[in-house]
Amino acid sequence: MAARTITNQPNRKKQSSKRGTLTTRNNERFEKLVYSILPGLTKCLDSKGSEPFNPKAVLDLSIYNMLATICFGKQFEFDGPEINFYVKVRQDSREPVGNGLAADYFPFLRHFPTPAVKKLRQLMGQYFDAVNKELEEHRASYDGGEPKDLIDVIFQVRKELEDEGKEDMTMITDTHIRQTILDIFSGGTETSIFTLHWCIGLLVQHPDVQAKVAAELDKVVGRDRLPCLNDRDNLPYTVATLYEVLRYGSVAPVASPHATTTDVQIGGYTIPKGTWVLFNTYSMHYDEELWDEPHKFKPEHFLDEAGKVRLHPEGFLPFSAGRRVCLGESMAKAQLFLIFSWLFQHFKFAKAPGMEQEDYSEGKALSFMNVVKENDVVVEKRF
Ligand code: HEM
């Protein structure tokens with residue numbers, strides 16, 4: 001496929017050092033965006049009463065709602081048909097892909113439409129139809145004013161470039177916009193959903209950690225306001241717990257596959273040009289030489305002796321590294337913090353009755369991802 005997407009660009013440009021820094025104004029806009037899903041999420045959790053439920057389904061709706069608002073500038077009904085459509089297309093496309101398509105291993109097979117490839121094309125067709133509809137609506141309403149979502153931002157950039165007469169306009173076509181939104185939906189949904197699912201699984205399995213996080217939130221944020229990004233500096237235990245979830249859960253254990261663009265010498269080995277390379281972050285996150293008792297879930301892994309958060313310890317790369325580092329890293333960290341702290345400020349999660357002996361921190365491989373097993377939980381409002 002031509003390089004019309006972020007993920008298919010053979011060699012993404014080096015990012016400026018400004019990338020990833022959220023300014024105060026952006027912080028506030030971003031907080032508003034995350035807060036906008038909270039009424040729907042609260043209603044959804046409240047409706048569970050004391051009944052056991054699968055938290056993964058609730059997290060699916062939360063993250064898809066958020067990304068739909070970022071991309072399309074709309075607030076969909078929290079558990080409505082539009083959001084469920086995107087969740088279902090994504091979930092259905094997992095089945096034919098499984099642990100990879102045959103064509104991933106034998107590229108010539110891409111010319112043969114196997115049932116899996118046909119199914120995927122059909123699902124992508126449905127998805128592109130939905131995004132095309134949004135694009136048409138935006139084209140009709142875009143007035144060159146303050147952008148209200150990602151599509152408007154791209155329209156604005158395209159217009160600025162056109163006005164300057166500098167750039168080749170073939171760089172930003174509708175195909176690019178569609179594919180970029182697909183990249184955001186692919187890169188930004190499951191990684192965040194599975195990480196938040198690990199948060200619930202691990203904190204249910206470790207109620208002592210859950211109680212400490214809740215106590216810190218009570219002390220620093222209180223019960224009368226929502227956690228905000230500036231609170232991060234004053235919530236070391238909460239932030240350390242989130243980082244420990246990112247390490248322990250390692251949702252992207254081998255990042256994304258890449259290939260060498262030239263012959264490379266490394267560690268005494270020669271890797272020929274065109275070799276597939278996987279970045280084994282999982283082995284790094286469980287390296288006995290870097291972590292004390294790596295198989296134990298301990299937020300203390302991310303606290304120094306003074307009780308401050310160790311933001312960049314050696315051997316901690318959940319978002320990978322280098323030019324192809326996760327494009328959404330800073331947004332993901334902000335979003336995870338806001339949702340995680342809000343969840344445990346307001347709710348207490350526990351194992352479902354009869355499931356006390358289950359290990360809620362057990363993982364399993366799902367294609368290229370490491371996910372926590374789906375177990376039902378019960379939820380109780382804290383105040
Ligand atoms: C817990 C949350 C997340 C984790 C653990 C995560 C992790 C990763 C990893 C490991 C990669 C592969 C990097 C490589 O190829 O070496 C990646 C790529 C990517 N991520 Fe994330 N990610 C997260 C959230 C997000 C979010 C919220 C977005 C956007 C809204 C996003 C957008 C992307 C994109 C577009 C790429 C492809 C970059 C490229 O190919 O150049 N990610 N992510």
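This tour moves from a cysteine to the ligand and then to a helix.

The model is predicted, so local features need pLDDT of at least 70 and side-chain atom pairs count only at pLDDT 80 or more, while totals for chains, interfaces and linings use all residues. Residues are numbered from 1 along each chain as its sequence is written.

Select C326 to begin, which an unreviewed UniProt entry lists under "binding site", bearing in mind that such annotations may be inferred rather than shown by experiment. C326 sits in the loop between α12 (281–285) and α13 (329–346), where helices are DSSP runs of H or I with at least four residues, numbered from the N terminus. C326 is buried, with 21 other C-beta atoms within 10 Å; buried means 20 or more such atoms, with C-beta atoms placed from the backbone. Leaving aside residues up to four places away in sequence, C326 touches G187, F319, S320 and A332, contact being C-beta atoms within 7 Å.

Next, show the ligand with the 26 residues around it, of which G187, G188, S320, C326 and G328 come nearest; a residue is near if its C-beta atom lies within 6 Å of the molecule. In this shell are 14 nonpolar, nine polar and three charged residues, with Cys counted as nonpolar and Gly as polar. Colouring by helix, α8 (174–188) gives the most, four residues, and α8, α9 and α13 each supply at least two.

Because 15 of its 16 residues are buried, α9 is largely enclosed by the rest of the structure.

Technical notes: Buried ≥ 20, exposed ≤ 12 C-beta atoms within 10 Å, placed from the backbone. Contact = placed C-beta atoms within 7 Å.
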